[in-house]
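Here's a friendly walk through one protein model, a few side chains at a time. Have a look at the structure first, then read on.

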Amino acid sequence: MRRLAAVPLLALVTACGADAAGSTSGSGPLATSSPPEATSAPSTQPSPSTVPPTTDSASFGEELLGRWAHYDVVAYEDGLLKTLIISYGFNDFTAVDGQIVDQASFCFSEQRTDQPIETSLSDAATQAITPPSTPVEVDEVDGTLRIRRAATPTPVGIRLDDPANEPLPTDPGDPRIVDDDGDGKPGLTVSIRVTDDLTGELYIARREIFAYEAFLTEPDVLTGTVTDDSEQLVIGASDPIFAMSDANWVQYPDLAKSPIILKRVDAGWDCDRLAAERDALFPPTPDVDW
């Protein structure tokens, strides 16, 4: 989900990256391949006519119950930089009081950009994103089962009493900031590499705000798109060159660039097994291609 999971902060270092790396264009150094067909939303989307959601979504969507491995991409851009945030984890669907409830969790993440800049978020930081469990809307569109998960604003690197309505602070010294990745530094730590001689860290707090719509395109495969409206606060940096203030990006409007794929797995799967079998489950990591 979004999401999740990694941090769209590359715009903070674009200016220094252009000087240090000698370029402001071209593929990111970790890019491997263009997004294949499978990373997009279903190629044949059902028509808008739908069956109204059943009052007992648990029985209507009982084939969803269980653990699903999670892959999603969120495409961002600003005036200087384009990037993809790729997140991996699990969605556990259970039946509760006649509804299908989704408990999402995250394992690890990747980033790709159109600039020669590398950023990385530790697995501990990715796993610190813990969205609340929430019911999903289940219906059918032209005979295809559809699920829709509404956004559940989730703070990470900061504590908010009312995550859905309480504004993310603008003060990097706010006392609610916490070391959620456990590395002894405030908020979440993002490692940045522009060149061998220009590396550093950025410290951030975020409110993850993501939603998704997905269709049961095969018996054990859900495919769809992610919508992301996450917010970010820069707390500080290891070097002032990385501590620029504008850290919020806008999702690229073509949602085909922000796909989600869920694949059913056994209940015993964990993050280690997901990492080991990632290539067998999901498409190759995409490049920025727009």
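## The disulfide

A disulfide here is a pair of cysteine sulfur atoms within 2.5 Å. In general terms, a disulfide is a covalent bond between the sulfur atoms of two cysteines. Keep in mind that this is a predicted model. By that cut-off, the count comes to one disulfide. Cys-107 and Cys-271 are the partners, with 2.1 Å from S to S. Cys-107 sits in strand β4 (residues 99-113) and Cys-271 in helix α4 (residues 271-276), so the bond ties together parts that are 164 residues apart in sequence.

## Aromatic rings

How many aromatic pairs does a search of the whole structure find? The search turns up seven aromatic pairs. One of them is Phe-106 with Phe-210, an edge-to-face pair with 6.1 Å centre to centre and 85° between the planes. That angle is over 60 degrees, so the pair is classed as edge-to-face. Phe-106 belongs to strand β4 and Phe-210 to strand β11 (residues 210-218), so this pair ties together parts that are 104 residues apart in sequence.

Elsewhere, Tyr-71, Tyr-88, Phe-108 and Phe-282 form one aromatic cluster. There's also a charge over a ring to look for: Arg-67 lies over the face of Phe-90, at 4.1 Å from the ring centre.

## Ser-230 in its loop

Now for a serine. Ser-230 is found in the loop between β12 (221-228) and β13 (231-237). Is Ser-230 buried or exposed? Its relative accessibility is 11%, and buried means under 20%, so Ser-230 counts as buried.

What does the side chain of Ser-230 reach? It comes to 3.0 Å from the backbone nitrogen of Ile-209. The side chain of Ser-230 also makes a polar contact with the side chain of Arg-206, at 3.5 Å.

Terms used. Residues numbered from 1 in each chain as written. Predicted model: local features only at pLDDT ≥ 70, side-chain atom pairs only at ≥ 80, totals over all residues. Heavy atoms only, no water. Helix = DSSP H or I, 4+ residues; strand = E, 2+ residues; numbered from the N terminus. Buried < 20%, exposed > 50% of the residue type's maximum accessible area, 1.4 Å probe, protein only. Polar contact = N/O pair within 3.5 Å; in protein donor to acceptor, adjacent residues only side chain to side chain. Phe/Tyr/Trp six-rings, centres within 6.5 Å; stacked < 30°, edge-to-face > 60°. Lys NZ or Arg CZ within 6 Å of the ring centre and 35° of its normal.
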